[in-house]
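Me: I have a two-part question list for this one. Can you look at the structure and take me through it?

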Amino acid sequence: MIKNLQENICDEMLFNTFFKKHAKDLHDFLHYKFGNHLNPKDKVQESFIKLWENCGKVKPEKAKSYLFTVGNNLMLNEVKHQKVKLKYSEKPQKHHTNESPEFLMEENEYMQKLQAAISNLTEAQRSAFLLNRIEGKKHREIAELLDISTKAVEKRIYGALKKLREDIKEI
Amino acid sequence: MKREDLIKKWLDNELSPEELKAFKQFEDHEDLVKLANGLKRFKVEDFDTDLELKRLNASLKNKSKNRNNWIKPILRIAAILTICFGSYYYTTTLNTNVTTLASQKETIDLPDASIATINAESSITFNKGKWSEDRKVTLKGEGYFKVAKGSKFKVQTNNGIVTVLGTEFNVKDRNNYFEVTCYEGAVNVLHKSKSVILKPGNSFLVINGEYIDRTDVSLKNPSWIDNESRFASIPLKNILLELERQYNVTITVNNIDEEQLFTGSFTHNDIDVALKAITLPLNLTYVKANSMIILESE
């Protein structure tokens, strides 16, 4: 993997490969953790620029966690723990046969509850849970991204699920 | 298998077909699937990796222009160093110049143990940096030198060059008046094409381009060092010029032969005494008003 790379990633080719490998993960992570209103795409750009500027100092095996730390910090510099309200697509994932007005209304209601419930998750829970549920990441992969143990990821995700279900019932 | 473990496995998409069957037996299994499907609708808009990479490379290129920034501070340091070395070089190689005004005397320690004393309205120029290679001073006016033993010591004047090894001598270089007096050691005077070696007590005198030969000095050092100007058969004109320099006055003469020779001395401390010392022997009178003095014959 990255260890196969040379001393550092100052080489343009290697850097581009590294970008292709990690940019999307970083973006998704930032998006689910902090929401879209802080423009995670720009933060991804900034993070990689930082990495490039410091490519001589950052060891290749640390580059990924460096990247995620920088991205996270860039977000934290702006966000003051405001509520994260993620957007969902208007059209439902599955087309049910009975798309009666009642059903659609119910469906809408459910999505709004879900949105509110997601906002109530902690940042750690939300990022891990949504990377798993939406991006289909394995626990192991998330653990690697966030530099935590698989057990911790499992705990976050399961905790998030539990909390979501409770919230939805309550609302 | 416990319910919680099954759900966790479901979350990680790791259920085996049997486990999936068991999972589907849960009464809330529908809820979980509904939730999972609902969550999928929160998927982030597509992140176009290639497009973002292009964007990144574009901004990095812009930055790389600025990456040459490290040159700027280095240039700054270089500029400062250049100025420091430049001014150091300039000041060390710069000529030192000492100038006296009328009625002023100055003693200058030259870079070695040599000493120069310059009389009123005189100036001396020398170079500290080159002193060890070339002991040379440029003199305008009158100066008395005590030269430490060493390499050649040169005094350059408009009228001639005086070269010595280590000695004491006086050089007087005024308009149309050039006098060198040796007090110790030996002095070589080069005037136009004439080269004369002076022994202690000898002096070399040129007035109006005319060489006057004489050996008269019995003093240890020039009289002006002791605040007295002493003359032996010197035209009155030169004496009055010296008087002007010592007292910073202007002297006008009426009907007096300025070429007549004068032997005598005047002090630098009291202008009335000095004027009397000059006028009495020559039967002259003087009128003094501020810094204007008029001399007349009786």
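**Helix, interface and cores**

Reply: Starting with α3(A) in this predicted model: its buried residues are A:Ala63, A:Lys64, A:Leu67, A:Val70, A:Gly71, A:Asn72, A:Leu74 and A:Met75.

Me: What do the buried residues of α3(A) pack against?

Reply: Against α1 (12–34) and α2 (40–53) of chain A.

Me: And how far does helix α3 of chain A reach, first C-alpha to last?

Reply: It reaches 28 Å with 19 residues (60–78), close to the 27 Å expected at 1.5 Å a residue.

Me: Switching topic. How many residues of chain B are in contact with chain A?

Reply: 23 residues of chain B, in contact with 36 residues of chain A. On the chain B side, α4(B) gives the most, with eight residues. That side divides into eleven nonpolar, four polar and eight charged residues.

Me: OK, the largest nonpolar core. Which residues have the most contacts inside it?

Reply: A:Leu51, A:Phe129 and A:Ile157, in a core of 41 residues. α1(A) gives the most to this core, with nine residues.

Me: Why does this core lie between domain 1 and domain 2 of chain A?

Reply: Because domain 1 (2–78) and domain 2 (101–170) both give residues to this core.

Me: Back to A:Ile157. What is it in contact with, leaving aside neighbours within four places in sequence?

Reply: A:Ala128, A:Phe129, A:Asn132, A:His139 and, from chain B, B:Leu11. There is also a second, separate core of 23 residues, which includes B:Ala116, B:Ile118, B:Val164 and B:Leu198.

Note on methods: Residues numbered from 1 in each chain as written. Chains lettered and ligands numbered in written order. Predicted model: local features only at pLDDT ≥ 70, side-chain atom pairs only at ≥ 80, totals over all residues. Helix = DSSP H or I, 4+ residues; strand = E, 2+ residues; numbered from the N terminus. Expected span 1.5 Å × (residues − 1). Buried ≥ 20, exposed ≤ 12 C-beta atoms within 10 Å, placed from the backbone. Contact = placed C-beta atoms within 7 Å. Nonpolar A, V, L, I, M, F, W, Y, C, P; charged D, E, K, R; others polar. Core = buried A, V, L, I, M, F, W, Y, C linked by C-beta atoms within 7 Å. Domains from an automatic or database assignment.
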